[in-house]
Amino acid sequence: MTFSSSAKDPMSVTTKPNYLPTGEIHVIVGPMFAGKTTALLRRVKLESNDGRNVVMIKSSKDTRYAVDAVVTHDGTKFPCWSLPNLSSFKQKFGIDAYEKVDVIGIDEAQFFDDLYDFCCNAADLDGKTVIVAGLDGDYLRKSFGSVLDIIPLADTVTKLTARCELCNKRAFFTFRKTSETETELIGGADMYMPVCRQHYVNVQSVNEAAKIVLESHKLPSSLILETTLVTP
Ligand SMILES: [Zn+2]
């Protein structure tokens, strides 16, 4: 039996780091005006204060406040990457910079179709902590984008509530004040309001009835909301 000093240690040919990934996924959902972005920023800042390398991503579809910052309804800002999809992030951010990142915050996650694959890869393979904030439901209370798809991947799920604009009770749903019907209609308090279950059901049914009446009288649909809101 001979010993060859040139023989390679079998461990040295391993290209992946020799440790188990320690990634995590945390999901924050709720209606509009529930403080999801505020909660996301708070968690990302805490991680940053703990010395971890953080980065924020938001959808380039939402340009309501600023394109290079995540901004809450109360005006708190955090610099971020505004992207059309998540799959382009690693390349745009830079592979070396990505390697050094510990925590990835994603805001307005309902606009990212590739959310599932991104979170899966980032947490399972790359060991990142991913904190995701987004709408769980649209104005029809149907699943919005891929946000609910990542619940089975998540370590924790937090559903936040807002205050019903009509009675000040806890609000779980987002009511659309206008008559447009596309799912992705970006707007703020001018177009949407948080509502409790009772008011979601009541206002929705009044709105539907008003629409039928107005259509039968050929009146402009912009009158629907006013008709609705005087009868909460
Ligand atoms: Zn209410």
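1. In what order do the six strands of the open sheet lie? The order is β5-β2-β6-β7-β1-β8, and the pairing is parallel. Strands here are DSSP runs of E with at least two residues, helices are runs of H or I with at least four residues, and both are numbered from the N terminus. Two strands pair if DSSP finds at least two bridges between them. The edge strands, each pairing on one side only, are β5 (81-83) and β8 (156-159). On average, neighbouring strands of this sheet are turned by 20 degrees against each other, direction ignored.

2. On provenance: the model is predicted, local features need pLDDT of at least 70, side-chain atom pairs count only at pLDDT 80 or more, and totals for chains, interfaces and linings use all residues. Residues are numbered from 1 along each chain as its sequence is written.

3. Strands β2 (residues 54-59) and β6 (residues 103-107) run parallel and are joined by five bridges. Within this pair, Val55 stands opposite Ile104 in β6. Helix α1 (residues 36-49) packs on the sheet and touches β1 (24-29), β2, β6 and β7 (129-133). The direction of α1 makes about 160 degrees with that of β7. Helix α4 also packs on the sheet, touching β1, β6 and β7, and its direction makes about 150 degrees with that of β7. Axes are lines fitted to C-alpha atoms, for helices over the stretch in contact, and angles run from 0 to 180 degrees between N-to-C directions.

4. Leaving aside neighbours within four places in sequence, Ile57 is in contact (C-beta atoms, placed from the backbone, within 7 Å) with residues including Trp81, Phe89 and Ile104.

5. The unreviewed UniProt entry annotates Glu108 as "active site"; such annotations may be inferred rather than shown by experiment. Glu108 lies in the loop between β6 and α4. Glu108 counts as buried because it has 25 C-beta neighbours inside 10 Å, the cut-off being 20 or more. Not counting residues up to four places away in sequence, Glu108 touches Lys58, Ser59, Asp62 and Gly134.

6. Tyr192 carries the annotation "binding site" in the unreviewed UniProt entry. Tyr192 is in strand β12 (residues 192-195) and is buried, with 20 other C-beta atoms within 10 Å. Beyond four places in sequence, residues that Tyr192 touches include Met32, Phe175 and Gly187.

Technical notes. Two residues are in contact if their C-beta atoms, placed from the backbone, lie within 7 Å. A residue is buried if 20 or more other C-beta atoms lie within 10 Å of its own, exposed if 12 or fewer, and partly exposed in between; C-beta atoms are placed from the backbone.
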